[in-house]
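Student: I have a new structure to look at. Can you walk me through it?

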Amino acid sequence: MIEPVEGESPLVGRVPETSALRHAFDAARAGRPGLILVEGPAGIGKTALVRQALPADARTLRVAGVAWEASRELGLAQQIACIDGGAVEERRASSVALMAEHLHRQWSAHPGPEPLVVLVDDAHWADAGSLRAIRSAVRHLENAPVVVVLLARDDAPEPDGWAEARRPLDTAELLDGCRDESVVPRPLSAEETAALSAAAHGPEFDMPVARRLRDHTLGNPGHILRLLAELPATTWRDPQAELPAPARLTARIEERLAACSGPARALLHACAVLGAVSPLEQAAALAGLDDPLAAAEEARATGLLTSSVAPGRNSLAFPHPLTRAAVRTTVPLPQRAALHTRAAGLAPDPGSRLAHRIAASPTADASLAAELERYADERAAAGEWSAVADTLVTASRLSPDRTTRQDLLLRAVDAFIGAGDIPQADAYAPELESFPVTALRDTVLGYLAVMRGRASEAEAFLHRAEQLCEAESDRALMARISQRRVLHALGRCDAPALVTWARRAIALAEAPRDPSAVESEAVLGLGLAWLGRAGEAATVYSEAAAKVSGGAQPQRFQLGRGWADLALDAPEVALHRLEAAASTDFRLGSTRISLWAQGWLARTQFVMGAWDEAEATVERAAARVTEARITYVRPVIHWTGAQLHALRGNWETAEHHVRAAAADAHHYEVMFLPARLARAYVAEARADYTGVVEALTPVARIADSAQAVAEPGFWPWPGLLANALVMLGRLDEADELLHPHERRAADRGHRSARAALAVGRGRLTAARGDIDTARSQFEEALTLLDGLPLPFDRTRLYYAYGQTLRRAGRRRQAAEVLTRAREGYALLGAHTYVARCDRELNAGRKTSDTDSGLTPQEQAVVRLVAAGATNKQAAGELFLSEKTVQYHLTHVYTKLGLRNRAELAALHREGGIDPR
């Protein structure tokens with residue numbers, strides 16, 4: 001039913017799709033012909049996408065299928081043949097094989113090198129014979145710069161004025177298989193919807209409006225542009241305004257409704273009032289139908305409804321949100337109000353009943369506003385903050401009293417923040433700032449500052465809120481302020497303050513299930529673990545689990561305990577808990593909590609060696625956090641992405657994650673730490689140990705005053721920094737750094753932290769000349785990891801151990817250990833370190849002249865320097881001093897008769913040096 005917009009829309013996004021098409025065109029230019037299917041609903045931007053990707057020098061032939069010629073055998077192929085080669089012999093026009101031969105001959109004759117692009121618009125109306133001929137012609141092409149692009153709708157359209165026409169079944173089946181590859185333009189995201197509006201000179205959208213329009217149109221740019229053109233600017237200023245369907249679609253649906261029988265029309269109106277999906281029994285009752293099946297079948301035959309039949313659950317649904325909007329528009333307002341009033345009596349739950357009563361209420365209603373407030377309080381107790389927020393916004397609109405309206409809106413924005421909907425909270429923030437200064441106002445604005453990552457701003461708002469609240473003696477509000485203080489302390493990695501404020505919030509809460517108490521208790525265990533009191537933390541979580549059941553509240557406890565489990569060497573348990581906390585699908589949980597859980601879930605998957613799963617989690621969370629704009633959480637998510645891609649050698653992607661994770665000293669420590677770790681891990685993967693030290697030295701300074709930053713297992717920076725200091729020859733500094741962290745890890749009995757510190761300690765001991773003690777330290781560290789599912793930690797330890805042995809001249813032992821490291825890295829997909837292990841193994845072979853006269857160590861230096869590495873970088877890669885690298889280079893220049901690095905690189909590129 002949904003039609004394309006006339007003309008072409010501005011192209012927004014579509015980077016992967018454009019890249020795929022350009023790759024196909026480049027392949028054709030290189031003599032590899034192809035057949036591509038670009039498929040999607042009308043208005044999604046298929047034609048604009050192809051035009052964007054077309055090479056400037058391409059020769060283009062364009063034809064189009066039409067519904068009334070869909071049954072004309074070879075009609076479309078004849079269009080192509082006539083455009084490209086004049087008249088077609090009658091016998092060739094009547095045979096698929098002969099037509100394929102004709103097209104093959106024409107396309108083979110294309111001289112190139114510019115590609116020939118044959119565009120077939122509306123290929124869903126192509127006859128089957130033409131598709132077969134095109135497919136056969138392309139299959140037999142060799143070294144021809146030809147690409148055939150089929151643009152087809154995938155929504156089985158029925159065209160205007162041709163109700164008897166149907167997309168041929170054999171054409172649909174052929175399109176499914178008639179392609180070398182397919183490109184499916186995805187729906188626009190909320191950000192892309194906002195960008196499209198700007199590109200079309202429409203209104204400047206904030207994210208809530210863009211998200212609402214995206215959901216209403218399913219991200220279809222054609223529909224978006226129509227609504228932008230048809231609706232007044234005031235529509236987009238109201239976050240709860242009812243969005244219609246485009247006028248043309250509404251007119252067509254009015255025609256179809258007019259042709260329906262009375263019962264079918266009544267059923268459609270009832271479904272439009274009930275929602276996107278309606279239980280058949282409820283829709284029939286609202287429509288006043290005793291036997292709704294015939295009416296449902298008639299409505300389904302019009303294409304305006306779809307049906308779902310399951311045991312005990314029959315439902316009706318609209319095929320698209322715009323279809324429902326168009327049907328709803330056709331219902332007169334008095335009739336719609338009456339339907340909503342009746343629907344309230346049929347609704348199965350309080351939330352639905354209230355929603356229908358709201359829709360039926362044309363004016364302010366203090367009584368209904370009070371009922372909504374009570375309902376919001378019930379949802380808040382279950383932690384369903386999104387429902388709370390929407391309910392309170394509506395209650396604010398219905399309240400006739402100004403002070404009450406302001407109070408309800410403040411509480412609504414507080415709930416939006418709790419749900420993780422920061423863009424929606426941001427949209428109301430200017431209005432909130434205009435309200436009189438009160439404890440509640442400053443509490444909400446302080447909460448918003450926390451989620452934005454603005455520590456100083458949050459401190460100022462929360463401090464003033466405390467003072468105002470004490471003057472007002474509001475115990476419940478003070479409990480809420482204390483809970484916000486918990487999040488503020490969490491951000492500052494201030495474990496003592498976190499525990500103090502959490503216990504205060506719990507004590508002040510008026511009931512055990514009060515949201516302030518529940519959220520504070522969910523973080524209390526984490527604060528205790530930060531203080532090294534793991535046993536108390538476990539007790540807190542066990543007791544809390546017995547008190548909280550159902551709803552969204554368990555999500556918070558799963559996150560807190562999962563985070564602690566990961567830090568305390570129980571990643572398998574953490575994985576289970578964080579997976580449960582990451583989903584909000586069935587429990588109406590918080591996006592904020594879900595994103596935190598996904599950040600630590602990706603970390604858990606990474607340390608356990610499930611790198612593909614970790615990458616998928618990072619990508620999913622990164623996309624969501626960009627839209628949700630919860631700055632507080634962003635660095636934790638991108639930290640794992642940066643490290644993972646650096647280890648895989650995907651440097652551009654790794655640097656993207658480093659930039660996305662960036663946080664400065666004015667941000668919260670819980671943001672600054674993962675941002676610095678992301679930088680450090682990428683630097684280490686590049687053997688840039690100076691970069692590692694620069695990234696982590698500020699972290700070491702923070703740790704001097706924040707125990708949580710130094711607590712073993714939570715932030716793995718000490719071993720990373722110590723290793724870099726040793727690699728730079730700063731042995732005394734490394735020793736001074738290691739001692740307190742080693743003592744703390746030993747006191748806690750923390751096995752993985754002790755093993756991570758042993759990387760630096762073993763290297764340091766060997767660098768001071770005691771290789772036998774170093775070996776014992778490495779072996780003990782490996783024993784500590786026995787039974788722990790931490791393959792990356794173990795492999796990293798093997799690599800450092802083998803590298804140390806190799807430098808000490810223990811070549812045979814080094815080869816054995818490095819081989820284990822190589823195997824571990826290969827299994828993980830750490831291509832950067834696989835190559836590094838190979839260099840170590842080659843460099844560790846007994847010195848002997850090769851055909852080029854270079855020793856294996858000299859060859860290793862040549863490979864790195866010829867690839868552009870500095871002496872410092874080569875030294876880091878090979879675990880040598882810079883002076884040793886320069887010594888080897890001097891010998892290489894003498895042996896090969898070269899004068900400088902440029903000549904060495906040129907000779908290496910030309911293959912003039914033995915590559916072994």
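Tutor: We will go through a sheet, some ring pairs and a few single residues.

Tutor: This is a predicted model, where local features need pLDDT of at least 70, side-chain atom pairs count only at pLDDT 80 or more, and totals for chains, interfaces and linings use all residues. Residues are numbered from 1 along each chain as its sequence is written, and side-chain values use heavy atoms, with hydrogens and water left out.

Student: Sheet, then. In what order do the five strands come?

Tutor: The order is β2-β3-β4-β1-β5, in an open sheet with parallel pairing. Strands here are DSSP runs (E, at least two residues), as are helices (H or I, at least four), numbered from the N terminus. Two strands pair if DSSP finds at least two bridges between them.

Student: Which ones are the edge strands?

Tutor: β2 and β5 (181-183), since each pairs on one side only. From one strand to the next, the twist averages 20°. Axes for such angles are lines fitted to C-alpha atoms, for helices over the stretch in contact, and angles run from 0 to 180 degrees between N-to-C directions.

Student: What packs on the sheet?

Tutor: Helix α5 does, touching β1 (34-40) and β4. Contact means heavy atoms within 4.5 Å. The direction of α5 makes about 140° with that of β1.

Student: Go back to β3. How many of its residues are buried?

Tutor: Six of its six, across residues 116-121. Buried means under 20% relative accessible area, exposed over 50%, and partly exposed in between (1.4 Å probe, protein chains only).

Student: Which residues sit on each side of β3?

Tutor: Leu 116, Val 118 and Val 120 are on one side, and Val 117, Leu 119 and Asp 121 are on the other. Both faces are covered. In a regular strand the side chains alternate between the two faces of the sheet.

Student: And how many bridges join β3 to β2?

Tutor: Six bridges, in the parallel sense, with β2 at residues 59-64. Thr 60 has Val 117 as its bridge partner, and Ala 64 has Asp 121. Five bridges join β3 to strand β4 (residues 146-153), also running parallel. There, Val 118 stands opposite Val 148.

Student: What unit do β3, α5 and β4 make?

Tutor: A right-handed β-α-β unit, with α5 at residues 128-139. Right-handed means that, with the strands pointing away from the viewer, the path from the first strand over the helix to the second runs clockwise.

Student: New topic: rings. How many aromatic pairs are there?

Tutor: The count is 18. Rings of Phe, Tyr and Trp (its six-membered ring) pair if their centres lie within 6.5 Å; planes under 30 degrees apart count as stacked, over 60 as edge-to-face and the rest as tilted.

Student: Why is the pair of Phe 416 and Tyr 428 stacked?

Tutor: Their planes are at 15°, so the pair is stacked, with ring centres 6.1 Å apart. Phe 416 is in helix α19 (residues 402-419) and Tyr 428 in helix α20 (residues 422-433), twelve residues apart. Both residues are buried.

Student: What about Tyr 799 and Tyr 825?

Tutor: That pair is edge-to-face, 6.1 Å centre to centre, with 70° between the planes. Tyr 799 is in helix α40 (residues 791-807) and Tyr 825 in helix α41 (residues 811-828), 26 residues apart. Tyr 799 is buried because its relative accessibility is 4%. Tyr 825 is buried too, at 1%.

Student: Which rings link into a cluster?

Tutor: Trp 530, Trp 563, Trp 596, Trp 600, Tyr 632, Trp 639, Tyr 668, Phe 714 and Trp 715.

Student: Which residue lies over the face of Trp 639?

Tutor: Arg 603, at 4.0 Å from the ring centre. A charge sits over a ring if NZ of Lys or CZ of Arg is within 6 Å of the ring centre and within 35 degrees of the ring normal. The charged end of Arg 484 sits over the ring of Tyr 447, 3.8 Å from its centre.

Student: Last one, Ala 369. Is it buried or exposed?

Tutor: Buried, because its relative accessibility is 4%. Ala 369 is in helix α17 (residues 366-381). Leaving aside neighbours within four places in sequence, Ala 369 is in contact with Ala 395, Leu 398 and Ser 399. Ala 369 and Ala 395 are 26 residues apart in sequence, yet 4.4 Å apart in space, C-alpha to C-alpha.
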